[in-house]
Amino acid sequence: MIVLKATQDKVLAVLQSVSGIVERRHTLPILANVLIKKTGNALQFTTSDLEIQIRTTAELGGDTGDFATTIGARKLIDILKTMPGDQTVALESQQSKMILKGGKSRFTLQTLPAEDFPLVQEAANFGPAFSVPQKVLKDLMGQVSFAMAVQDIRYYLNGILFVAEGNTLSLVATDGHRLAFASAELDVDVGEKQEVILPRKTVLELQRLLSDVGGENSPRIEMQFANNQAKFTFGGMEFVTKLVEGKFPDYNRVIPRNHHNSVTLGRAPLLASLQRTAIMTSDKFKGVRLTIEPGTLRVASNNADQEEAVDELDIDYGGDAIDIGFNVTYLLDVLSNMSQDMVKIDLADSNSSALVTIPGNDNFKYVVMPMRI
């Protein structure tokens, strides 16, 4: 049976959309495969890592009929990548193998039975669905995802907190040293509060898949949450993921409210200054010292070889003189993930956390703890 027959670019695009979660090495060999299920003319592609499942449907020619198998996802993609985009490729079933043909090339690939593929059991009681433009969600994720923890033993920090309430969607991420908060007004009312923690891998995969197209024509993503699962439907895809269980820290208590020293300055000059001084920090110790005085911001760093860097910026500031240390990576992360021209920094003293915001915008807040230098 000819399972599919279409141009390389069409087949590759479909496979790449579902294969991001596939691990090359897995305790269950079948999880390295993509489940291909044909019903009539429609082809369904499904991948899973037991916690996330991605499914998409496409029509890619071939014979009509019912057929199902699983085949190595990465190997199939690697082969297709070597072929021209406009070349017609065909995938044919032959006993317990699949034959991939393209031009004068022919590849025989091993399969595993479709009935052995472990599908994620979907929750029975998803909450009400609501949808937002894909670009809105992608932008929110981009503003906070860099602050997620990586393999922290406090597992609830290895992801993003989603809070949907009324007509507001808020995302929060923290690794215990810094916290990023971003929110957006929605064009729908989601009703009562829904609060879940999405795992790190899910966040990174959604960022890869979501569309950048904005404006009135922006494609939308539909979301539904259950106690231990979230379901996202967008662009012909269905994305089901387990949630992180646990209690996320109370982010409202972390965000400073009444820091009385405030400086507003250009984001790009500050980013460039920090990048210059970061060169003189060591791999183990990423500390930089910020000295803020009326009219001047001085950024300084040094290392174990007694090398040092000092950089100065002229600023419009009339508050207290403050000498404070930070992990320079935490400052570079936030400034690199912003696109605005100006940034505002609120400070209390050298021992209190700093609040980074966008002037005239309450929808983004970034809190970073000071560092003893």
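The model is a predicted one, in which local features need pLDDT of at least 70, side-chain atom pairs count only at pLDDT 80 or more, and totals for chains, interfaces and linings use all residues. Residues are numbered from 1 along each chain as its sequence is written, and side-chain values use heavy atoms, with hydrogens and water left out.

View 1. Helices (H or I, at least four residues) and strands (E, at least two) are DSSP runs, numbered from the N terminus. Of the 373 residues, 51% count as buried, where buried means under 20% relative accessible area, with a 1.4 Å probe and protein chains only. The C-alpha atoms fill a box of roughly 75 × 50 × 40 Å, taken along the principal axes.

**View 2. Strand β15 (residues 229-234) pairs with β14 and with β16.** Two strands pair if DSSP finds at least two bridges between them. Strand β14 (residues 220-225) runs antiparallel to β15 over 4 bridges, and a hairpin of 3 residues joins β14 to β15. On the other pairing, β15 and strand β16 (residues 237-242) are antiparallel over 6 bridges, with F234 opposite M237 in β16. The hairpin of β15 and β16 has 2 residues between the strands, and G235 there takes a positive phi near 50 degrees. Of the 6 residues of β15, 5 are buried.

**View 3. One aromatic cluster is formed by F130, F162, F225, F232 and F239.** Rings of Phe, Tyr and Trp (its six-membered ring) pair if their centres lie within 6.5 Å; planes under 30 degrees apart count as stacked, over 60 as edge-to-face and the rest as tilted. By this rule, a search of the whole structure finds 7 aromatic pairs.

**View 4. The rings of F146 and Y366 form a tilted pair, because their centres are 5.7 Å apart and their planes stand at 50 degrees.** F146 lies in the loop between α3 (134-144) and β10 (159-165), whereas Y366 lies in strand β24 (residues 361-368), so the pair ties together parts that are 220 residues apart in sequence. F146 and Y366 are both buried.

**View 5. The rings of F181 and Y251 have their centres 5.8 Å apart and their planes at 25 degrees, so the pair is stacked.** Since F181 belongs to strand β12 (residues 178-185) and Y251 to helix α5 (residues 251-254), the pair ties together parts that are 70 residues apart in sequence. Both F181 and Y251 are buried.

Methods. Buried means under 20% relative accessible area, exposed over 50%, partly exposed in between (1.4 Å probe, protein chains only).
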